[in-house]
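Please look at the sequence and the model before reading on.

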Amino acid sequence: MMATDHTDDTDETRVPRTLTMVARLIPAWEREAILGDLLEDAESRGLRGARRTAWLAGECGAIAAGLSVQRVRAWFVLPPVHEVVSGLAIDGRAVLRGGAGGAALRALLFVGSVATLVLGVELLVGSLMSAAGF
Amino acid sequence: MPRTDLGDMEHLVLLAILRLGKEAYGIPILDEVCARSGRDVSRATVYVALKRLEQKGLLVSRLGESTPERGGRAKRFYKLKPSGLKALRESREMFLGLWRDYESVLDRA
């Protein structure tokens, strides 16, 4: 009996390991549906092998990055960047120079900068640990 | 009650969901947005817009059926809430009013 060349269609529904790690950056309750959408789209595009893996990882990474930024933005009400910069440049310089008020503002800025750095590191570590499966 | 302001992409996504009806999940929403806008919109942009609209309380989502090509993963279908329909209608009225007032200005420019 001749062996038939059988292509197992379910192979293409496998999630590559690279994608599993990247996908962990997507919030858990949205992850499965988004992964399913990407797998369905990859199938409809006829992607196979390394091209499929690269396409899935790229799309998944972009979605994860976008949703992560959206999550962080939701924690703050951010003024437009150009308003912050021009405000600091025009008003900040004079205030920073003078007396007790200037010293207090400089201290606040320093504390705020450190807090922002700490938050950034915490987010990064949390994302990496989540991606590693912890 | 204050009007909910909608961004450009939020408009497109809400209208796409309205048009697609019961089949409004990630892939058809993206295809509809790209087809209607004539732009090559990224998947990430659409998913972020969907997330924002849910956070604003304009959309509701539910998990639907899974299929083999999705690796057994369920689809997430989206539907406009009454607040979402209201936001779209108010936005339409605002833009129609603007165009009524400024169309002649644009024609003269």
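How many nonpolar, polar and charged residues are in the lining of the largest pocket? The lining has nine nonpolar, four polar and three charged residues. The model is a predicted one, and every value given here is computed from it. The volume of this largest pocket is about 280 Å³. Its lining is made up of 16 residues, and those closest to the centre are Leu25(A), Ser68(A), Arg71(A), Leu123(A) and Ser127(A). Three elements of chain A give two or more residues each to this lining: α2 (28-44), α3 (49-75) and α5 (99-131). Of the elements, α3(A) provides the largest share, six residues.

The second largest pocket holds about 240 Å³ of space. Here the lining belongs to chain B, and among its residues are His11(B), Leu15(B), Leu88(B), Arg92(B) and Phe95(B). Two helices of chain B, α1 (8-20) and α4 (82-108), each supply at least two of the lining residues. The greatest contribution is that of α4(B), with seven residues. Sorted by class, the lining of this second pocket comprises six nonpolar, two polar and two charged residues.

The next topic is the contact of the two chains. On the chain A side 24 residues take part, and they touch 20 residues of chain B. Together the chains bury about 2000 Å², and 56% of that area is on carbon and sulfur atoms. The interface also contains charged pairs, with six salt bridges found across it. One of the pairs joins Glu32(A) to Arg73(B), with the closest N and O atoms 2.9 Å apart. On the side of chain A that touches chain B, the elements giving two or more residues are α2 and α3 of chain A. The most comes from α2(A), which gives 13 residues. By class, this side of chain A divides into twelve nonpolar, four polar and eight charged residues.

Rolling a probe the size of a water molecule over the atoms shows where empty space is left. In the whole structure, the search finds two cavities of 30 Å³ or more.

The largest cavity has a volume of about 80 Å³. Residues of both chains line it: Glu30(A), Ala33(A), Ile34(A), Asp37(A) and Leu67(A) from one, and Gly26(B), Tyr47(B), Arg76(B) and Tyr78(B) from the other. Two or more of these residues come from α2 of chain A, and two or more from β2 (74-80) of chain B. With four residues, α2(A) has the largest share of the lining. The classes are five nonpolar, one polar and three charged residues.

The second largest cavity contains about 50 Å³ of space. Its lining also draws on both chains, including Leu38(A) and Asp41(A) as well as Ile27(B), Leu30(B), Arg43(B) and Val46(B). The elements that give two or more residues to this lining are α2 of chain A and, in chain B, α2 (26-37) and α3 (43-55). Its residues divide into five nonpolar, one polar and three charged. Asp37(A), Gly26(B) and Tyr47(B) line both the largest cavity and the second largest cavity.

How values were computed: Residues are numbered from 1 along each chain as its sequence is written. Chains are lettered from A and ligands numbered from 1 in the order in which they are written. This is a predicted model: local features need pLDDT of at least 70, side-chain atom pairs count only at pLDDT 80 or more; totals for chains, interfaces and linings use all residues. Side-chain values use heavy atoms; hydrogens and water are left out. On a 1 Å grid over the protein atoms alone, a cavity is a set of points where a 1.4 Å probe fits but cannot get out, and a pocket is an open set with protein on both sides within 12 Å along at least five of seven lines; lining residues have an atom within 4 Å of a point. Grid points are joined across faces, edges and corners, and a volume is the space filled by probe spheres set on the points. Ala, Val, Leu, Ile, Met, Phe, Trp, Tyr, Cys and Pro count as nonpolar, Asp, Glu, Lys and Arg as charged, and the others, Gly among them, as polar. Contact means heavy atoms within 4.5 Å. Buried area is the accessible area (1.4 Å probe) that two parts lose on being put together, summed over both. A salt bridge is a side-chain nitrogen of Lys or Arg within 4 Å of a carboxyl oxygen of Asp or Glu.
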